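Subject: Handover of a structure and notes on its contents

Dear colleague,

Please find below the structure I am passing on to you. My notes on it follow directly after.

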Amino acid sequence: MQQESTVYAKADLGKRFVAQITDGFIAAALGLVVGLFSATLGGFAGAVYFLLRDGLEFDFMKHRSFGKQLMGLRVVRLDGEPMDVETSMQRNWMWAVSGLISATFFSGSLVGLVSIAASVVALYECFKVLTDEAGRRWGDELAGTQVVE
């Protein structure tokens, strides 16, 4: 577990919502484009975007997702270190798991169970963002991060 030293002001919830929806559309579009060649690979592509989105080192993204870039948000590590792919994975694995499983198993009760579990996790993440003083969700607690403006 990382040592946390700084807590910032809570980021605007509306901006966070728009950023998350934007990233969802990007993951879905990526999944659809790659899915033209292989449905399984399409699901993986969307899940991988969610997993790595806050740690990519492209100059135009500046270690943040497209949605966060658009809304003027960024993820910071509370230990003062720069964001990286590993921290992004710690922060976002729960968003990628359901996509990966759904991409692997197209039908059946497993997809239904994963969808229910993903919905519960998403509700918990929303609850945490709304009720935590700093707006830190479960993923932020696991990775030692916070979304800031």
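With which side chain does the side chain of Arg64 make a polar contact? The partner is the side chain of Gln69, at 2.8 Å. Please bear in mind throughout that this is a predicted model.

**Arg64**

Arg64 sits in the loop that runs between helix 2 (39-52) and helix 3 (66-71). Arg64 is buried but takes part in no salt bridge, and the nearest side chain of opposite charge, that of Asp54, is 8.6 Å away. Leaving aside residues up to four places away in sequence, Arg64 touches Arg53, Asp54, Gln69, Gly72, Leu73 and Arg74.

**Helix 1**

Helix 1 covers residues 13-35, 23 residues in total. From first C-alpha to last, helix 1 reaches 32 Å, close to the 33 Å expected at 1.5 Å a residue. At its start, a side-chain oxygen of Asp12 comes to within 3.0 Å of the backbone nitrogen of Gly14. The buried residues of helix 1 are Arg16, Ala19, Thr22, Asp23, Ala27 and Gly31.

**Salt bridges**

The whole structure contains ten salt bridges. One of them joins the side chains of Glu149 and Lys15, at 2.9 Å from N to O. Because Glu149 lies in the segment after strand 2 (145-148) and Lys15 in helix 1, this pair ties together parts that are 134 residues apart in sequence. Glu149 is partly exposed, with a relative accessible area of 48%, and Lys15 also counts as partly exposed, at 27%.

Arg16 belongs to helix 1 and Asp140 to helix 6 (residues 138-143), so the pair connects parts that are 124 residues apart in sequence. Both Arg16 and Asp140 are buried.

Finally, a network of salt bridges links Arg16, Asp54, Lys68, Arg91 and Asp140.

**Val129**

Val129 is located in helix 5 (residues 109-131). Val129 counts as buried because its relative accessibility is 12%, and the cut-off for buried is under 20%. Val129 and Arg16 are 113 residues apart in sequence, while their C-alpha atoms are 9.4 Å apart in space. The residues that Val129 touches, not counting those up to four places away in sequence, are Lys10, Leu13, Arg16, Gly135, Arg136 and Arg137.

**Aromatic pairs**

There are four aromatic pairs. Tyr49 and Phe66 form a stacked pair, with 6.1 Å centre to centre and 20 degrees between the planes. Tyr49 is in helix 2 and Phe66 in helix 3, 17 residues apart. Tyr49 is buried, with a relative accessible area of 7%, whereas Phe66 is partly exposed at 32%.

Tyr124 and Trp138 form an edge-to-face pair, at 6.4 Å centre to centre and 70 degrees between the planes. Since Tyr124 lies in helix 5 and Trp138 in helix 6, the pair ties together parts that are 14 residues apart in sequence.

With kind regards

Note on methods: Residues are numbered from 1 along each chain as its sequence is written. This is a predicted model: local features need pLDDT of at least 70, side-chain atom pairs count only at pLDDT 80 or more; totals for chains, interfaces and linings use all residues. Side-chain values use heavy atoms; hydrogens and water are left out. Helices (H or I, at least four residues) and strands (E, at least two) are DSSP runs, numbered from the N terminus. The expected span of a helix is 1.5 Å times one less than its number of residues. Buried means under 20% relative accessible area, exposed over 50%, partly exposed in between (1.4 Å probe, protein chains only). A polar contact is a pair of N or O atoms within 3.5 Å; within protein, one must be able to donate a hydrogen and the other to accept it, and residues adjacent in sequence count only if both atoms are side-chain atoms. Lys and Arg count as positive and Asp and Glu as negative; His and the chain ends are not counted. A salt bridge is a side-chain nitrogen of Lys or Arg within 4 Å of a carboxyl oxygen of Asp or Glu. Contact means heavy atoms within 4.5 Å. Rings of Phe, Tyr and Trp (its six-membered ring) pair if their centres lie within 6.5 Å; planes under 30 degrees apart count as stacked, over 60 as edge-to-face and the rest as tilted.
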